[in-house]
Amino acid sequence: SSGGQEHDVGSVMSFSSTCSLPRQPASHLGTKVEMVYSLLSMLGTHDKDDMSRTLLAMSSSQDSCIAMRQSGCLPLLIQLLHGNNKDSSLLGAAKGNREARARASAALHNIHSQPDDKRGHREMRVLHLLEQIRAYCLGCWEWQDGREEAGWKSKHVKPSPVENQIGPAICVLMKLSFDEDHRHAMNELGGLQAIAELLQADCEMFAMTSDQYNVTLRRYAGMALTNLTFGDVANKSKLCFYK
């Protein structure tokens, strides 16, 4: 019937319109990616503070976040968070500049703040745990750096892995590291570096302790690092930068 034909035509038109919608955003996104590439090329001569400020500003919109991800910004953010001595002239040592690290962490969070699929939710879960560990490690380093100052110990409490719930966090990461998809997310988000820094910070803070909490924390960290480096030459090389 003519009514049925009109309905079918309307359905086809609706479907065609729906299918054609992504074309315009895709073109728009392509422009965004080109812009990000251009900005990244300009960052080659900038220091880590300039980089972190620029990248954080770029992560202010969802389109820009998608473009940043597609243009390869994540490794640069991880470098800002966990730069090693090899690139210290540009990005600083592993402990780095607190403000630059904070901005890089915020930009990384922004890029993953609106997960729209299973992969995105998986990455956000991992990122929350890594943020918890990074914040604790930063507190440990600040306490170590300032403990020689007069009156420091009376004003600042030594960071506790128990109070900061680091044990449960590394336990979950250790369990997730047995899953290939979660290992991929951890690799992309700097999980190897964050866990290595946790192990290093715990040894520096508590030395050769027999405390069961620290021993278990180190065991879980070691298991996670074993899973992340198994059969992965690149990750083994990264791990060698840590004492």
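Angles under 35 degrees count as roughly parallel, those over 145 as roughly antiparallel, 65 to 115 as roughly perpendicular, and the rest as oblique. The model is predicted, so local features need pLDDT of at least 70 and side-chain atom pairs count only at pLDDT 80 or more, while totals for chains, interfaces and linings use all residues. Residues are numbered from 1 along each chain as its sequence is written, and side-chain values use heavy atoms, with hydrogens and water left out.

**Figure 1. Overall helical make-up of the protein.** The protein has 14 helices and 0 strands; helices (H or I, at least four residues) and strands (E, at least two) are DSSP runs, numbered from the N terminus. Of the 243 residues, 41% are buried, where buried means under 20% relative accessible area, exposed over 50%, and partly exposed in between (1.4 Å probe, protein chains only). Among contacts between residues at least 6 apart in sequence, 72% join residues at least 24 apart; contact means heavy atoms within 4.5 Å.

**Figure 2. The buried side of helix α3.** In α3 (residues 48-58), the buried residues are Lys-48, Met-51, Ser-52, Leu-55 and Met-58. These residues lie on the same side of α3, because they cover an arc of only 130° around the axis; the arc is that of the directions from the helix axis to the C-beta atoms. An α-helix has 3.6 residues a turn, so residues three or four places apart point the same way.

**Figure 3. Packing of helix α3 with helix α7.** The axes of α3 and α7 (residues 98-111) come within 8 Å and cross at roughly 25°. α3 is therefore roughly parallel to α7. Axes are lines fitted to C-alpha atoms, for helices over the stretch in contact, and angles run from 0 to 180 degrees between N-to-C directions. Lys-48, Asp-49, Ser-52, Arg-53, Leu-55 and Leu-56 of α3 meet Ala-100, Arg-103, Ala-104, Ala-106, Ala-107 and Asn-110 of α7. The residues of this contact divide into 6 nonpolar, 2 polar and 4 charged; Ala, Val, Leu, Ile, Met, Phe, Trp, Tyr, Cys and Pro count as nonpolar, Asp, Glu, Lys and Arg as charged, and the others, Gly among them, as polar.

**Figure 4. Packing of helix α7 with helix α8.** α7 and α8 (residues 118-146) pack at about 170°, with their axes 11 Å apart, and the two helices are therefore roughly antiparallel. From α7, Arg-98, Arg-101, Ser-105, Leu-108 and His-109 take part, and their partners in α8 include Met-124, Glu-131 and Trp-141. This contact has 5 nonpolar, 3 polar and 5 charged residues.

**Figure 5. Packing of helix α10 with helix α13.** The axes of α10 (residues 166-176) and α13 (residues 212-229) are 9 Å apart, at an angle of about 25°. α10 is thus roughly parallel to α13, and their crossing is left-handed. Residues making the contact include Ile-170 and Met-174 of α10 and Tyr-213 and Leu-217 of α13. By class, the contact has 11 nonpolar, 2 polar and no charged residues.

**Figure 6. Ala-221 and Thr-229 in helix α13.** Ala-221 belongs to α13 and is buried, at 0% relative accessibility. Residues up to four places away in sequence not counted, Ala-221 touches Ile-170, Ile-195 and Leu-199. Thr-229, also placed in α13, is buried with a relative accessible area of 10%. On the basis that residues up to four places away in sequence are not counted, Thr-229 touches Leu-192, Asn-235, Lys-236 and Leu-239.

Notes. A crossing is left-handed if the near helix is turned anticlockwise from the far one by less than a right angle, and right-handed if clockwise.
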